[in-house]
Amino acid sequence: MLRKMDVPRKVLTQGKAHKELLERAESLGKLAEGWDGSDSKAIAPQSIRKFKTALGKVEEKLLQGWVLFPDAHGYLYLDYTGSNAVAGITMTGERLIYFFKKDGKTVKNDGAAFTTRNLLSILERVHG
Amino acid sequence: MAEHLPKIVGDEERVARVIFSPSYIYNGRVAPTAFRWDVLPSGDAEDYISVLRGDASELDTETRHFKARVEGDERYGYALLGVGHIREIGIDNHEIAETKVDVLSLPSKHHPNHAGIVVDIAKERVTALTPVSSEIMIIQKELALQCSEIVRF
């Protein structure tokens, strides 16, 4: 009988892409109010926190090709350009607004809840 | 220098989107979010994305004097886009209903070569007050992909 500590767990490899996105999120979190003109807002701490939490549960291969940018509304924006797809995910504190174009098809969504599960699902669909 | 520019922005012209914040560039990629509609200090919401017309030497001279958005911050440069390609964005995206993207001449006192990228989705003009949507994000992404060159200040 397995004891609790013997239960095999999925070990995530966290490599270069993971490290870069984590560092980038921390760097963007330091942008001050007005960083791109008087109407630009600092990135919402909730967006940074949720993104970092999700990042810890994503496999390295799903992060390849993604770049993190700031959005002057105070959001994080995850951008993807690949050989057969492009995608964008706006991460507000509460919602994920996203699109991806893949194999000639476009998928759009204007309001999924910002959960680790939903973010993972989008990354898997873009890479899958 | 730019007083001679025709009132209609030609398809063969290139326009420059000035990028102040270095955060909008990463590994040579331009952020789609760099193409944004500003709320001016007066409170007015722009209904266009500001760009400048002109050739490289004119733009270099003009932008040399631009100040950083935040005092002491680094200024990045500008990205160049072909006007004809910008206008094709609305035509190529059949999955976005009734979308039109155009470039209009909007000269100002200080910048006679000022122009604006205007976007209409379902016959509504996008402004700085329009909430973020997947359709706007697709257009911003297309604009970022159209950047043929990034020039550092």
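In chain A, the buried residues of helix 4 pack against helix 2 (45-55), helix 3 (60-63), strand 2, strand 3 and strand 4. That is a handy way into this predicted model, since helix 4 also lies across the sheet of chain A, over strand 2, strand 3 (85-91), strand 4 and strand 5. The sheet then leads us on to chain B: each of strands 1, 2, 3, 4 and 5 of chain A supplies at least two residues to the side of chain A that touches chain B.

**Chain A at a glance**

- Chain A comes with 4 helices and 5 strands.
- Of the 128 residues in chain A, 32% are buried.
- Take the contacts in chain A between residues at least 6 apart in sequence: 49% of them link residues at least 24 apart.

**The sheet of chain A**

- The 5 strands make an open sheet in the order 1-2-3-4-5, with antiparallel pairing.
- Strand 1 (66-71) and strand 5 (105-113) of chain A are the edge strands, each pairing on one side only.
- On average, neighbouring strands of this sheet are turned by 15° against each other, ignoring direction.
- Helix 1 (residues 16-28) of chain A packs on the sheet as well, where it touches strand 1 and strand 2 (75-81) of chain A. The direction of helix 1 makes about 5° with that of strand 1 of chain A.
- Strand 4 (residues 95-102) and strand 5 of chain A run antiparallel and are joined by 7 bridges.
- If you want one pair to look up, Phe99(A) has Lys108(A) in strand 5 of chain A as its bridge partner.
- In the loop between strand 4 and strand 5 of chain A you'll find Asp103(A). Asp103(A) isn't a glycine, yet its phi is positive, at about 50°.
- Asp103(A) counts as exposed because it has 6 C-beta neighbours inside 10 Å, and the cut-off for exposed is 12 or fewer.

**Helix 4 of chain A**

- Helix 4 (residues 116-127) of chain A runs at about 5° to strand 4 of chain A.
- Helix 4 of chain A has 12 residues and spans 17 Å from its first C-alpha to its last, close to the 16 Å expected at 1.5 Å a residue.
- Its buried residues are Leu119(A), Ile122(A), Leu123(A) and Val126(A).
- Those residues cover an arc of only 95° around the axis, so they sit on the same side of helix 4 of chain A.

**Where chain A meets chain B**

- On the chain A side, 27 residues are in contact with 24 residues of chain B.
- Sorted by class, the side of chain A that touches chain B has 13 nonpolar, 8 polar and 6 charged residues.

**Strand 1 of chain B**

- Strand 1 (residues 14-19) of chain B is largely enclosed by the rest of the structure, because 5 of its 6 residues are buried.
- Strand 1 of chain B pairs with strand 5 (residues 77-82) of chain B, antiparallel, over 6 bridges. Here Arg14(B) has Gly82(B) as its bridge partner.
- Strand 1 of chain B is also joined to strand 4 (residues 49-53) of chain B, by 2 bridges and again antiparallel. In this pairing, Val15(B) stands opposite Arg53(B).

**Two loop residues of chain B**

- Asn113(B) is in the loop between strand 6 (99-105) and strand 7 (114-121) of chain B.
- Asn113(B) counts as buried because 22 other C-beta atoms lie within 10 Å, where the cut-off is 20 or more.
- From Asn113(B) to Ser148(B), 35 residues apart along the chain, the C-alpha separation is 20 Å.
- Ala122(B) sits in the loop between strand 7 and strand 8 (124-125) of chain B. Although Ala122(B) is not a glycine, it has a positive phi of about 50°.
- Ala122(B) is exposed, with 9 other C-beta atoms within 10 Å.

Definitions and conventions
Residues numbered from 1 in each chain as written. Chains lettered and ligands numbered in written order. Predicted model: local features only at pLDDT ≥ 70, side-chain atom pairs only at ≥ 80, totals over all residues. Pairing = 2+ DSSP bridges. Axes fitted to C-alpha atoms, helices over the stretch in contact; angles between N-to-C directions. Contact = placed C-beta atoms within 7 Å. Nonpolar A, V, L, I, M, F, W, Y, C, P; charged D, E, K, R; others polar. Expected span 1.5 Å × (residues − 1). Arc of directions from axis to C-beta.
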